[in-house]
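Here is a short briefing to read alongside the sequence and the model. Take a look at both, and then we can walk through a few spots together.

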Amino acid sequence: MNNTTRSTTTGFLIFCSMMTTLSFNAFSNDCKPNASTPTPTDNSADFITDQSKREMIYSLVDLEGDKGRIYEMHYTADYKLDEVLDADINGTISLVKFIAKHLLDIIPTLEEAKLHYGAGCSAFACPDATSGDFLMGRNFDFNHIDPATKERKMIPAIAVHTAPAGGKKSVGFVDGQFVGYRSGFYTDGKSDLSLLIAAPYLILDGINEDGLAVSVLKLDGKQTIQQQPGKKTIFTSVALRMMLDRASTVKEATELLKQYNMHMDTDSTASYHFFLADATGDFAIVEYTNSDIDQHPDTMEILTGDDAMRCVTNFYRSPTMADTPHGIDHSQHGLTRYERLRDTLKANGYTLTPDKAMELLRNVSQGPDDSQLSTGFTQWSEVFNLSKRELTLSILREWDKTFTFKVE
């Protein structure tokens with residue numbers, strides 16, 4: 001996707017926290033299983049004074065030891081999902097204000113705070129050709145460009161484990177640059193770590209203990225704005241958090257979405273759709289549509305059942321949008337990637353082994369050496385095993401090195 005990210009204002013766009021006492025395990029395929037040893041740091045967390053929150057922040061683990069590229073976090077604070085769902089959050093700014101008021105221990109004084117949220121990407125779902133387990137594949141593609149140097153910023157990926165009281169355990173994945181963190185931020189001697197309190201609401205994809213996986217992908221066109229009377233309003237990242245915490249299946253997740261007005265950030269120049277899959281083998285694309293592209297999309301559609309809906313990139317799949325510049329009949333945004341996904345799945349009878357699924361992600365990954373495909377950069381690739389409640393992840397197209405995260 002052709003997004004760039006402006007640097008975060010002085011630094012405090014906070015989202016929220018979450019309760020966890022869980023047993024997720026992560027390990028790399030070329031090193032010993034992670035023993036959850038905290039990565040020592042002298043960086044400050046000046047806006048967090050609560051001792052339990054500080055212990056959580058200072059328990060972050062660099063999964064490669066000292067490279068600063070992928071971290072693991074076990075989240076142990078209450079982030080008040082019920083209150084957030086009741087607060088009519090309609091974008092990043094309103095969520096920042098909620099967090100600043102209700103979750104920070106010291107409120108920073110800022111004239112403006114912005115979170116830059118985006119997702120290019122590719123995703124698909126299919127059964128495992130050998131075991132019968134159900135799989136979901138996902139590339140997260142986003143290009144962070146430094147406006148001064150025009151060079152790509154290196155991000156930290158953060159695996160965030162949560163187990164909310166009364167909710168479902170899950171692991172989700174965060175692009176730390178969306179709150180201004182670059183690779184190595186945790187031990188750079190200058191980055192304030194208070195922003196880690198935002199992690200549960202910064203996820204771009206994830207899987208929960210019942211085998212439901214969720215992801216978000218960018219669309220072109222006007223932002224979704226629903227205004228149905230009698231419904232509370234939620235924002236994109238709130239929806240992802242809600243589905244992982246409250247739903248076991250695709251059907252349950254979509255029923256939850258129906259209960260709220262979706263309001264995508266008007267500070268952005270994009271809309272989004274969701275791709276979901278679960279351990280029963282169900283899958284769906286959720287889109288908000290309006291055939292009049294001069295109007296904001298406001299009708300929720302659930303596209304499922306048909307094998308043609310097993311994969312998605314960055315244009316609308318809904319027939320409602322097909323004849324618009326942003327729909328499947330006209331958009332070029334992600335079209336080559338989509339055709340590769342569709343053709344590979346069809347050629348394999350809509351089944352793939354986990355290795356073949358990762359190979360497919362490799363074939364649709366984006367990077368500077370592939371100018372025809374590249375509208376972004378593949379920050380991470382994941383093959384979710386929904387039946388086993390685990391996933392295998394590689395970062396930065398380093399296909400010979402993977403990390404496994406398991407929900408137990």
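**A buried aspartate and its surroundings**

Asp146 has a relative accessible area of 14%, and it counts as buried because that value is under the 20% cut-off. Please keep in mind that this is a predicted model.

**Asp146**
- You will find Asp146 in the loop that links strand 5 (134-141) and strand 6 (157-162).
- Not counting residues up to four places away in sequence, Asp146 touches Glu151, Lys153 and Arg182.

**Strand 9 and its partners**
- Strand 9 spans residues 213-219, and seven of its seven residues are buried, so this strand is largely enclosed by the rest of the structure.
- Both faces of strand 9 are covered: one side carries the buried residues Ala213, Ser215, Leu217 and Leu219, and the other carries Val214, Val216 and Lys218, which are buried too.
- Strand 8 (residues 203-208) pairs with strand 9 in the antiparallel sense, over three bridges.
- Within that pairing, Ala213 of strand 9 stands opposite Ile207.
- Four residues lie between the strands in the hairpin of strand 8 and strand 9, and Gly211 in this hairpin takes a positive phi near 85 degrees.
- Strand 12 (residues 271-277) also pairs with strand 9 in the antiparallel sense, here over seven bridges.
- Ala213 has Ala277 as its bridge partner in strand 12.

- In soluble globular proteins, nonpolar side chains tend to be buried together.
- The largest nonpolar core in this model has 100 residues, and Leu196, Leu257 and Phe274 are those with the most contacts inside it.
- Helix 4 (residues 236-246) gives this core its largest share, six residues.
- Apart from this core lies another one, of 18 residues, including Leu352, Ala357, Leu360 and Trp399.
- Which residues does Leu257 contact, leaving aside its neighbours within four places in sequence? Leu257 is in contact with Ala239, Met242, Met243, Met262, Phe274, Val286, Tyr288 and Met300.

**Leu303**
- Leu303 has its place in strand 14 (residues 299-304).
- Is Leu303 buried or exposed? With 9% relative accessibility, Leu303 is buried.
- Leaving aside neighbours within four places in sequence, the contacts of Leu303 are Phe283, Ala284, Ile285, Glu287, Met309, Arg317, Ser318 and Pro319.
- One of these contacts, Pro319, is 16 residues from Leu303 in sequence, and the two are 9.7 Å apart in space, C-alpha to C-alpha.

Note on methods. Residues are numbered from 1 along each chain as its sequence is written. This is a predicted model: local features need pLDDT of at least 70, side-chain atom pairs count only at pLDDT 80 or more; totals for chains, interfaces and linings use all residues. Side-chain values use heavy atoms; hydrogens and water are left out. Buried means under 20% relative accessible area, exposed over 50%, partly exposed in between (1.4 Å probe, protein chains only). Helices (H or I, at least four residues) and strands (E, at least two) are DSSP runs, numbered from the N terminus. Two strands pair if DSSP finds at least two bridges between them. A nonpolar core is a set of buried Ala, Val, Leu, Ile, Met, Phe, Trp, Tyr and Cys residues joined through side-chain atoms within 4.5 Å. Contact means heavy atoms within 4.5 Å.
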